[in-house]
Every structure is written in structure tokens, then in C-alpha cells.
Number of protein chains: 2
Amino acid sequence: MLDPRKLRLLRELAHRGTIAAVAEALTFTPSAVSQQLSALEREAGVPLLERTGRTVALTPAAHLLVEHAQAVLEQLERAEAALRALTEGPRGPLRIGAFPTAARTLLPPALAGLPPGLEPMVTEIDPADVSAALRAGELDVALIHEYDFVPPITDRSVETHALFSEAVFLTQRTSLEEARDDPWILAKPGTLCHTMTIRACQAAGFEPRARHHLDDFDTVLAFAAAGQGVALVPELAARPPHPGVRLTPLPISRRTLIAFRRGYGGHPAVSAFHQVMAGMTVFQSS
Amino acid sequence: MLDPRKLRLLRELAHRGTIAAVAEALTFTPSAVSQQLSALEREAGVPLLERTGRTVALTPAAHLLVEHAQAVLEQLERAEAALRALTEGPRGPLRIGAFPTAARTLLPPALAGLPPGLEPMVTEIDPADVSAALRAGELDVALIHEYDFVPPITDRSVETHALFSEAVFLTQRTSLEEARDDPWILAKPGTLCHTMTIRACQAAGFEPRARHHLDDFDTVLAFAAAGQGVALVPELAARPPHPGVRLTPLPISRRTLIAFRRGYGGHPAVSAFHQVMAGMTVFQSS
DNA sequence: GGTCCAGCATCAGAACAGCTTACGCTCAAC
DNA sequence: GTTGAGCGTAAGCTGTTCTGATGCTGGACC
């Protein structure tokens, strides 16, 4: 019988590409991962890994096995969620990941609406890192966002549900095209917001000239108000209105979603959190 | 993470009812099974077993978990079948279970039609025992039959596909009702054929008086020809026609099916066998 | 071309899990 | 009351699965 623990390592390898990265993500030594994958290869009876230069590559057989591993692990998630739903109600610790703006604006009222026994533990995390953290079991559930220009999570092991949508604004009273020569305030490279701004500008026909790299939208708005550059900010981050910053809505929208491991939605605490988030009226009368 | 090996034990316990029986079926000592189930209970965090008199009973939580265990084990079967399909074609050993008549009539021509690399290993087995043997991994595939009066396999871990249907005959030129006072030749208790005859007679309003208990239909027909009693025989068992036995078709039919572990149909050898069996014309011009 | 470092495999040893054997307990049948 | 089936626990052994050490290979950089 194939061992799900080994299958999990293979799946992670498909995502991360190196044994060392898998080991770090799942808190093993590379040696252990290497041995386990060798054992899996032996049991499978097919070559799964081949050395390519300094790293390993998955054979076609391994990719096929990853697909099946996904299905197996998903069923195991389902089983565990069902057990939790049976044992306990929505109580105990719930590890929540959230992008910074959500942590500041959405979560405080949301957490207040959770069942009393639930102990939320919030970690700020960029949406780009969420699927890895969910797979590794570091988080139970996460709030993420996606922009029109940035592809959503494609990881099959993660399940997402849309919560709401909001507009994106330019921090001055011009069109996006007219801001082509202004200095820009961008988020740090590697974050979703950084990618979004770059793509939006590219779509408008120019490459933004970066002056500042700031992740916190409050700081971004303060810089914009001080004439330090222009930026794109989502509606959620622009409330309450920042004095001294005029906003122009753009035909770009940002969607906020909830994410968790596929099959794990039945977990009572996850389900309770999902319900509270879905029930929130974020923009009651904008 | 829940351990599929332990889940398998729990599933088997749901079928067999005692730890001792599970141990025997899966070739462990009862002690090992007991320990593993205790560990599963600990990991699940819910009571799964409760002593009832001398045996154990599954709690509602355990039954829920069995459902999920089934889904997990099914996915694992799928994964292994896919691996085999990738590694090798239809070759290597294939453990086939078959009811005796099938072994004598159907299998010889069928085996000849299998791909050359395939090494069939046939075991005669009563359909009533097939699902247990499949679950235990003692067989890869089996030929079974079901009668109108006898419920088919209900085991969710086994998948069946109908191959063909045939009529059942009474071994003399009378109606079933007229045979109520004759001595009967029955199969051994516990077999499907035994149950079928009893039920058919009960449906006709009487309880058959057993004289002989014979499983082999050739012997049954020889006894019938010798005036030792009447019996019900399926069409397949009555070919070629037995001299001295007149047959009366009854409005009872017997279906022959192929069975294998759910999800395992993708295994190349199983699939090849299935194809050959489905392609056989058993009753070309009856 | 030489050096450095990242990445992987292999080995030996330690920790752990899982199995068997032995034994005791309980409950039902007779 | 006796017997035997069924389950659980303790002790001991074995195989698995980690870690840590070591060596090899290939790409990057000087």
C-alpha cells in the first residue's frame, strides 16, 4: 500500500522543485526526504526522480502519481475534518493567515463574531505564500486576494471561495496613462500587490518607475499625500478616506477570497470562520 | 495524519465484527489489531470501539470514519492501479477467483484469450466469500453470480460489472410447485446456490426437503439422472445436455458478474481480463 | 581553470513504531 | 462451576525512519 506521508513529500516536491526546499517546508532534514522518496520509488516500481544538474526533476510517472497523491490526501483531509466536526464544535485553536489590510480592517470585527470557544491565531501573510503554508499545515485557513491582472491560486490542493470584490484606485486625479512619468510607490517585489501594479501599468502601456517600496497601504497613502509618488490602492485600504489624497477609481477590481486545504472545509472551526466572513457586509453603502 | 493501514483494519472490523476475525483475515495477531485500533482511537480523539459482551461494537463515530476510510482506500487503489498501468502492460500474475462452474466452463477459453505475458492464477471460491477475499488482497479479480432471490454484493469496497444473464432450470419436467414433496439436492449451506434454492422454494410456498448436499453441478445432474432427487441448475451448468435429465426453465435468472476492489479496475491485468470476459459470447445460439 | 557553494545520495547510529508472545480478565454457553 | 472465545496489556524483539556526518556533482563566479 502506498504511504500517504511519502506521497505528501512527492507532492511538495512537485511544487518546490528541490528536496532541500521540501525538507525545509515540512521540517525534515533533506536526508530524510531523500530516503523517503527513494523508498517511494522502490515501492512504486517506476523511476520517479532524475537528477538534472544540481537538482532533481520529476518524471512523467511522478507527475501522474502526484495527481493521485492529491486525491488521496484530499480524502484524508475530508476524513479528519469529519472527525473534528463530530468530536467538537467550532472550538479550539484556528490558525488564520491574512494579508495585512485584511488583518487590520476585516479581522477585528470578524473575530468578534466567532463562536466563544474558538481561539483564532492570526498571522500576516502575503497571498503568494498562502498555498505553501496551507499545504505545509502551518495554517488552517487564510484570507487572500486576487487582482484582474494576476492569476489566482492554481494549486489543486487548495480550495478558494470568493467573499467580495472591490475597486482599485489611483492616488491622484488623473488617468492611469497620465501617471506614466510619475514616480511610483510599489509594494515589495514578490508580493501580489507589486505584481498587480506592474501588470496594470504594463497594460496601460508603460513600465512604472519605482521610487519607494512599501507594503503597508496606510504608509503608502501618507507618502502619496506628501507628494512622494503615485500608487494603486484597493478600496478597503483607502477607508477611512485619507486627508490630502484624491482617488480615481480604475477599471480594475480586487477580489478577496477565503482559502483552505481542499477537503478541509468541513472542519467546524474553518466552517464557522467561513460563515462569519461570508456574512460580513464589507461595503454597506459606498 | 490518519493512517490508512489503521483505517483498513477499522473497515474490516465493520465487516467482520470481531478483532479476532480481522486479525485472521489480514494475517495479524489479534493483539496487533487491538493495539492499532487503540492507536487510531487515540489519534481520532473519539471513542470508536465499545465492548459489548465478549466482542466489540463500532460507535456511530466509527461508522462515519469507516465511510471516509473507504474513500481513502479507494483512492489508494486507484493510485496503485495507475502506477501499474504505467509501469507494465497487462503482464505478471493475476489472482482470479471464480465460482466452480465458471472455472470449468468460462475460464479455459477466456484464459486462452488473455495477453501472453499475463499469468492467471485461478482459485475456486463461492461468491459469498469473494468480497472478503478481495478486501483482504487475496484476489485481484473474481467472477461471481447473483440470483433473483439473493441480494447482490453490497460491500462498498467492491465494484461489480454484469457480464451476462442465464436461466435457471428444474431437473425434471414439472413445475416448481409440483416438486414440493420430492427429495432435493442442495448445495452446501453458506453457499449462494444453497440460499438461492431455498429462497426459490420458499417463494413457491414450500421448504425443500434436503437429501444430498453437493456443490458440483455435474455431480448434481448425475444424481438427478439417477433419480436421487431434484435440483435447480443454471443454464451454464447444464451444458452440454446431460443424458437422462429433462430440464424445465423457471422464471428465475442468474447473472454472472466480474468483481474487483473499487478503484482497481484501472489495473492493466484486471482491465485486460475484464475486456476478455465482456467480449465472450457465452450463449451464442441457445 | 580553480574555487566555492548548493543540492543530493549514502552510511551509521539513535529513536521510535509495530509486531509477536505470554498472560490475565470478562462474558456467554453448557 | 467449568470451559472457551474474545479482548486488552506488558515485555521484548525487529524493522522503520529519523538525524548527523561525509562525499560527490554541477553551476556560478572570479
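Hi everyone, thanks for coming. Please keep in mind that what we have here is a predicted model.

Let's begin with chain B. Six strands there form an open sheet with mixed pairing, and the order across it is β4-β3-β5-β10-β6-β9. Which strands sit at the edges? They are β4, residues 118-124, and β9, residues 232-234, and each of them pairs on one side only. On average, neighbouring strands of this sheet are turned by 30° against each other, ignoring direction.

Now look at β5 and β10 of chain B. Strand β5 covers residues 141-147 and β10 covers 248-261; the two run antiparallel and are joined by six bridges.

Helix α6, residues 127-135, touches β5, β6 and β10, and its direction makes about 145° with that of β5(B). Helix α7, residues 192-203, touches β5, β9 and β10, and here the angle with the direction of β5(B) is about 10°.

Over to chain A, and to A:Arg239. Where does this residue lie? A:Arg239 is in the loop between β9 (232-234) and β10 (248-261) of chain A. Why do we call A:Arg239 partly exposed? Because its relative accessibility is 39%, and that class runs between the 20% and 50% cut-offs. Leaving aside residues up to four places away in sequence, A:Arg239 touches A:Val282 and A:Phe283. As for A:Thr29, 210 residues apart from A:Arg239 along the chain, the two C-alpha atoms are separated by 46 Å.

That's my tour, thank you!

How values were computed
Residues are numbered from 1 along each chain as its sequence is written. Chains are lettered from A and ligands numbered from 1 in the order in which they are written. This is a predicted model: local features need pLDDT of at least 70, side-chain atom pairs count only at pLDDT 80 or more; totals for chains, interfaces and linings use all residues. Side-chain values use heavy atoms; hydrogens and water are left out. Helices (H or I, at least four residues) and strands (E, at least two) are DSSP runs, numbered from the N terminus. Buried means under 20% relative accessible area, exposed over 50%, partly exposed in between (1.4 Å probe, protein chains only). Contact means heavy atoms within 4.5 Å. Two strands pair if DSSP finds at least two bridges between them. Axes are lines fitted to C-alpha atoms, for helices over the stretch in contact, and angles run from 0 to 180 degrees between N-to-C directions.
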